[in-house]
Amino acid sequence: MTKGILCLVLAIFLLTSCSWAPFQSKGEFWGNEGYMLRDDERDRIENASEIARLREELEKERRAQEEADRKIREETERRAQEEIALRAQKETERKAQEASKLQQKEQVKEDTCPDVAYYPILIADFNSGKKPNNLGEDFGCWDKDPNDYTQTATESFIADIQNGNKKGFFIEIHYDVNSPNPAFNGFWTRLNNLDASCYKTLSFRVKGNERMGFTKVFKIELKNSKRETGIFYVNNVSNEWQEIIIPLKDIRIKELSGLREFVIVFEDSLATEKEGTICIDDIYLR
Ligand SMILES: [Ca+2]
Ligand SMILES: [Ca+2]
């Protein structure tokens, strides 16, 4: 009996140790697939899923960043467009205001200027072949630096022959701005504090001397007694006479009463020919 009990206890012990031993061994467990995993296998799977999770997170962050960048770009673009539109609007408003002011000024001019003011004023036709101009004022040529003989300007009277008939004179201005030094020079005539506030245009006739060569571009200036200077660039001078009519508003001088001087300027930086001859006649205010 005792032997039988001992045998039974031994059998139970062996059975118990055989059945449970694997589950008691440290670090082993059942995987999802239902088989048992070793430590290294488990670690590998855990690492792989951790990597996958991290990758997914990184991908999410990347997408979020991309989306944020896209929004910033769109916002920047939108603001730039807004800015452009705003600037265009302001420019339109400014132009409209300027036009309105000019219109008001013109209206004041219409209202206050007597009709007699619209008769042209002849500044110079040079037909006498000598000084002064038709306002009784002096004229001549000028140099930036009279001591620099590499840059000069001189004027001379030329008989104006039209269809075989002598029609007085015009003047030729021989200019030379071909110099190693900065060079500009030209022609001036005084205007005897002329009040041009009721006038609309300054005009004169011009042509280039084909034989001597000439610049197609030069500057004109109007100066007043307040020491303001308005400027205008004359372009497309040719070897044929043409009348240049400049709206006084385009000369951009604030005060048109008290005009002191009309000036022609040849500039080394702009002259299409640095040495040549330009003919001028019939300077008018109309
Ligand atoms: Ca003339
Ligand atoms: Ca020269």
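The legends below describe close-up views of a predicted model.

Local features are given only where pLDDT is at least 70, and side-chain atom pairs count only at pLDDT 80 or more, while totals for chains, interfaces and linings use all residues. Residues are numbered from 1 along each chain as its sequence is written, and chains are lettered from A and ligands numbered from 1 in the order in which they are written.

**View 1. The protein chain comes to 3 helices and 13 strands.** Helices (H or I, at least four residues) and strands (E, at least two) are DSSP runs, numbered from the N terminus. Of the 286 residues, 19% count as buried; a buried residue has 20 or more other C-beta atoms within 10 Å of its own, an exposed one 12 or fewer, and a partly exposed one lies in between, with C-beta atoms placed from the backbone. Two residues are in contact if these C-beta atoms lie within 7 Å. Among contacts between residues at least 6 apart in sequence, 73% join residues at least 24 apart.

**View 2. Helix α2 covers residues 39-112.** Its 74 residues reach 107 Å from the first C-alpha to the last, close to the expected 110 Å. The expected span is 1.5 Å times one less than the number of residues. The number of buried residues in α2 is 0, so the helix lies largely in the open.

**View 3. The largest nonpolar core has 38 residues.** Such a core is a set of buried Ala, Val, Leu, Ile, Met, Phe, Trp, Tyr and Cys residues joined through C-beta atoms within 7 Å. Ile173, Ala196, Phe266, Ile278 and Ile280 have the most contacts inside this core. Elements that give two or more residues to the core include β6 (165-176), β9 (218-224), β12 (259-267) and β13 (275-285). Leaving aside residues up to four places away in sequence, Ile278 touches Ile173, Tyr175, Val206, Gly208, Phe214, Phe218 and Val237.

**View 4. An open sheet of 5 strands runs in the order β4-β7-β12-β9-β10, with antiparallel pairing.** Two strands pair if DSSP finds at least two bridges between them. At the edges, β4 (139-143) and β10 (229-234) each pair on one side only. Neighbouring strands are turned by 25° against each other on average, direction ignored; axes are lines fitted to C-alpha atoms, for helices over the stretch in contact, and angles run from 0 to 180 degrees between N-to-C directions.

**View 5. Strand β9 pairs with both β12 and β10.** The antiparallel pairing of β9 and β12 has 6 bridges. Across it, Lys223 stands opposite Glu261, and Glu221 opposite Val263. On the other pairing, 6 bridges join β9 to the antiparallel β10, where Gly230 is the bridge partner of Leu222. The β9-β10 hairpin has 4 residues between the strands, and Arg227 takes a positive phi near 65°. The covered face of β9 holds Phe218, Ile220, Leu222 and Asn224, whereas Lys219, Glu221 and Lys223 are on the uncovered one.

**View 6. Strand β6 pairs with β5 and β13.** Strand β5 (residues 152-162) meets β6 in the antiparallel sense over 10 bridges, with Gln162 bridged to Asn165. Their hairpin has 2 residues between the strands, and Asn163 in the turn has a positive phi of about 50°. The antiparallel pairing of β6 and β13 has 6 bridges, with Gly276 as the bridge partner of Tyr175.
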